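Biologist: Please zoom in on one part of this model for me, the ligand surroundings, and then follow the chain on from there. I'd like one connected account, with cut-offs.

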Amino acid sequence: MPIPVSQPIAGPARRCGTCTLCCRLPDIEELDKPANQPCRHCNQTGCRIYEARPQLCRDFLCLWMEGHIGPEWHPQDSHMMVYGQGAQVTVLVDPAFPDVWQRPPYSDQMRRWASQAEPKGGYVIVFIGDTVVKISPQM
Ligand code: SF4
Ligand code: SF4
């Protein structure tokens with residue numbers, strides 16, 4: 001994970017609560033789920049098959065849940081979910097809020113992540129529907 005916040009941010013434990021962004025924004029091949037469409041098992045506030053959900057759902061936590069990014073990145077408030085994929089930090093933007101990633105404090109933070117990740121071969125990619133943007137540290 002190239003985000004330079006290696007230690008979780010101290011504070012109260014975080015919970016998914018009624019957030020379902022990771023059941024809606026990513027494509028999930030195992031569930032035959034395209035990007036930006038709700039999983040067939042997802043209702044408005046959670047997973048209908050929670051006790052029997054697939055292992056990949058059990059294993060996944062976004063970086064906000066892991067405590068690596070600040071409270072302003074709460075997925076329901078920011079309308080974005082962030083996760084690490086090897087050298088790549090992936091930011092999925094809710095297409096209903098397509099400009100949110102360009103606003104402070106998010107834009108500044110993503111530039112900082114990109115700047116700090118670059119020397120280690122890392123990078124930050126933002127997906128907004130079909131649009132893909134690589135964040136430049138100099139943007
Ligand atoms: S996007 Fe993060 S906070 Fe929201 S449900 Fe998924 S893991 Fe939980
Ligand atoms: S199976 Fe449940 S936890 Fe997994 S993506 Fe679908 S709704 Fe979300």
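Modeller: Ligand 2 is surrounded by Cys23, Ile28, Leu31, Cys39, His41, Cys42, Cys47, Pro54 and Cys57, where being near means having a heavy atom within 4 Å of the molecule. Bear in mind that this is a predicted model, so local features need pLDDT of at least 70, side-chain atom pairs count only at pLDDT 80 or more, totals for chains, interfaces and linings use all residues, and side-chain values use heavy atoms, with hydrogens and water left out. Residues are numbered from 1 along each chain as its sequence is written, while chains are lettered from A and ligands numbered from 1 in the order in which they are written.

By class, the shell of ligand 2 has 8 nonpolar residues, 1 polar and no charged ones; here Ala, Val, Leu, Ile, Met, Phe, Trp, Tyr, Cys and Pro count as nonpolar, Asp, Glu, Lys and Arg as charged, and the others, Gly among them, as polar. The ligand sits in the largest pocket. A pocket is an open set of points on a 1 Å grid over the protein atoms alone where a 1.4 Å probe fits, with protein on both sides within 12 Å along at least five of seven lines, and sitting in one takes more than half of a molecule's atoms within 2 Å of its grid points.

Ligand 1 also takes up space in the largest pocket. Around ligand 1 you'll find Cys16, Cys19, Cys22, Cys62, Trp64, Met65 and Pro75, a shell with 7 nonpolar residues and no polar or charged ones.

Now follow the chain on. Phe60 and Tyr83 make an edge-to-face aromatic pair, 5.6 Å centre to centre with 75° between the planes; rings pair if their centres lie within 6.5 Å, and planes over 60 degrees apart count as edge-to-face. Phe60 is in the loop between helix H1 (55-59) and helix H2 (75-78), and Tyr83 is in strand E1 (residues 80-85), so the pair ties together parts that are 23 residues apart in sequence. Helices (H or I, at least four residues) and strands (E, at least two) are DSSP runs, numbered from the N terminus.

E1 pairs with E2 in the antiparallel sense over 6 bridges, pairing meaning that DSSP finds at least two bridges. Gly84 stands opposite Val89 in E2, and in the hairpin, which has 2 residues between the strands, Gly86 takes a positive phi near 60°. E2 (residues 88-93) in turn runs parallel to E3 (residues 123-128), joined by 6 bridges.

Note on methods: On a 1 Å grid over the protein atoms alone, a cavity is a set of points where a 1.4 Å probe fits but cannot get out, and a pocket is an open set with protein on both sides within 12 Å along at least five of seven lines; lining residues have an atom within 4 Å of a point. Rings of Phe, Tyr and Trp (its six-membered ring) pair if their centres lie within 6.5 Å; planes under 30 degrees apart count as stacked, over 60 as edge-to-face and the rest as tilted.
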